[in-house]
Amino acid sequence: MGSLILCHKKKAKHPYEISRIHMHIYTIEELCYYFCNNLYLVDCTIINHQLCDWIDEELDLYELAAELRNLLEQNASNEQFILTVLSYDSIYSAAEITKIHNVLERLKNQNEVEREKYKADNLLNSDEYSSAILVYQSIVNKEWDESIGKEFYGRVYGCLGAAYGRMFLYEEAARMYEKAVEICKEEKYMKAFHYCCYRYMTETEYTKMLSKDPIYLALNTELKEEINLANEKADFNISDECFEQWKKEYRKID
């Protein structure tokens, strides 16, 4: 049986708005939850005096607000600010806070572009595909950081391919995977590229592409075997008409 967590009684009459994701926060517990699940998003847009005033005036947590204001005046790190809030509340255990601290340390030791990819990766894993794509695109469209190597950007293109693919935008996904292959030369990106081409090209176009290189034919054979195996394991078959309808419905989702 899990232990009970005693929450603070005070709920804000006027919520704190995190404009970046259009979220309204009413309690200190909700603020802690946001911090822990969006560490890559926490920056000066939320760590500021406005948040301290809200904690003071709306939640009546005067001591915490004063401590946080003092951290801001001392130009303390974002990590210190977050951990101070988490330690004040009882929603997370000491072990959980230690784990969060380790993640914050890892983020702190990354350069800007690596933090941006971490942010995009989390958005992708949270099914926020459109938002992830915008962040990945911002990484590859600005001047590349030579200190981290081209392979890093190849992986970013691979992630872009994955994001587009999960939205059933196979033509766009294929272009991203093709760029990933050019940089990284990894088989997983090559196979993903061929699968996306198989999904969006006509049979004539796909056959013409395969004829360009014997390696393509070998990959196609392997791909078809994997698709057939997946279909055998599935409990049902999806018609092409049904699949196309699903894609159209999915693309209408904001």
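**Exercise 1. Glu79 and its surroundings**

Find which residues Glu79 touches, leaving aside its neighbours within four places in sequence, in this predicted model.

Solution. 
Step 1. With those neighbours set aside, Glu79 is in contact with Leu104 and Lys108.
Step 2. Check accessibility. The relative accessible area of Glu79 is 15%. The cut-off for buried is under 20%, so Glu79 is buried.
Step 3. Look at the rest of the helix. Buried residues in α4 are Glu79, Phe81, Ile82, Leu83, Thr84, Val85 and Leu86.
Step 4. Identify the cover. The elements over the buried residues of α4 include α1 (28-37), α2 (49-57), α3 and α5 (94-108).

**Exercise 2. The packing of α3 on α4**

Describe how helix α3 and α4 pack, giving angle, distance, direction and contact residues.

Solution. 
Step 1. Two packed helices are described by the angle between their axes and the distance between the axes.
Step 2. For α3 (residues 62-73) and α4, the angle is about 170° and the axes lie 10 Å apart.
Step 3. Angles over 145 degrees count as roughly antiparallel, so α3 is roughly antiparallel to α4.
Step 4. The crossing of α3 past α4 is right-handed.
Step 5. On the α3 side the contact has Leu64, Glu67, Leu68, Leu71 and Leu72, and these meet Gln80, Phe81, Thr84, Val85 and Tyr88 of α4.
Step 6. Sorted by class, the contact of α3 with α4 holds seven nonpolar residues, two polar and one charged.

**Exercise 3. The packing of α2 on α3**

Work out the arrangement of α2 and α3 from their axes, then list the contact residues by class.

Solution. 
Step 1. The axes of α2 and α3 are 8 Å apart, and the packing angle is about 165°.
Step 2. The angle makes α2 roughly antiparallel to α3.
Step 3. Here the crossing, α2 past α3, is left-handed.
Step 4. His49, Cys52, Asp53, Ile55 and Asp56 of α2 make the contact with Tyr62, Leu64, Ala65, Leu68, Arg69 and Leu72 of α3.
Step 5. The contact of α2 with α3 comprises seven nonpolar, one polar and three charged residues.
Step 6. Compare the lists for α3: Leu64, Leu68 and Leu72 are among the residues that meet α4, and Leu64, Leu68 and Leu72 are also among those that touch α2.
Step 7. An α-helix has 3.6 residues a turn, so residues three or four places apart point the same way.

**Exercise 4. The packing of α7 on α8**

Determine the angle and direction of α7 and α8, and the make-up of their contact.

Solution. 
Step 1. Helix α7 spans residues 129-141 and helix α8 spans residues 150-166; their axes come within 9 Å and cross at roughly 155°.
Step 2. It follows that α7 is roughly antiparallel to α8.
Step 3. α7 passes α8 with left-handed crossing.
Step 4. The α7 side of the contact is Tyr129, Ile133, Tyr136, Gln137, Ile139 and Val140, and the α8 side is Phe152, Tyr153, Val156, Tyr157, Cys159, Leu160, Ala163, Tyr164 and Arg166.
Step 5. In the contact of α7 with α8, 13 residues are nonpolar, one is polar and one is charged.

**Exercise 5. Cysteines**

Count the disulfides, then examine Cys36 and Cys196.

Solution. 
Step 1. A disulfide needs two cysteine sulfur atoms within 2.5 Å. The count of disulfides is zero.
Step 2. For Cys36 the nearest cysteine sulfur is that of Cys32, 6.6 Å away, and Cys36 is in no disulfide. Cys36 is buried at a relative accessible area of 18%.
Step 3. For Cys196 the nearest cysteine sulfur belongs to Cys197, 7.1 Å away, and Cys196 is in no disulfide. Cys196 is buried, with 4% relative accessibility.

**Exercise 6. The whole chain**

Summarise the protein by its elements, burial and contacts.

Solution. 
Step 1. The protein has 13 helices and two strands.
Step 2. Of its 254 residues, 41% count as buried.
Step 3. Of the contacts between residues at least 6 apart in sequence, 51% join residues at least 24 apart.

Terms used:
Residues numbered from 1 in each chain as written. Predicted model: local features only at pLDDT ≥ 70, side-chain atom pairs only at ≥ 80, totals over all residues. Heavy atoms only, no water. Axes fitted to C-alpha atoms, helices over the stretch in contact; angles between N-to-C directions. Helix = DSSP H or I, 4+ residues; strand = E, 2+ residues; numbered from the N terminus. Parallel < 35°, antiparallel > 145°, perpendicular 65-115°, else oblique. Left-handed = near helix turned anticlockwise from the far one by under 90°. Contact = heavy atoms within 4.5 Å. Nonpolar A, V, L, I, M, F, W, Y, C, P; charged D, E, K, R; others polar. Buried < 20%, exposed > 50% of the residue type's maximum accessible area, 1.4 Å probe, protein only.
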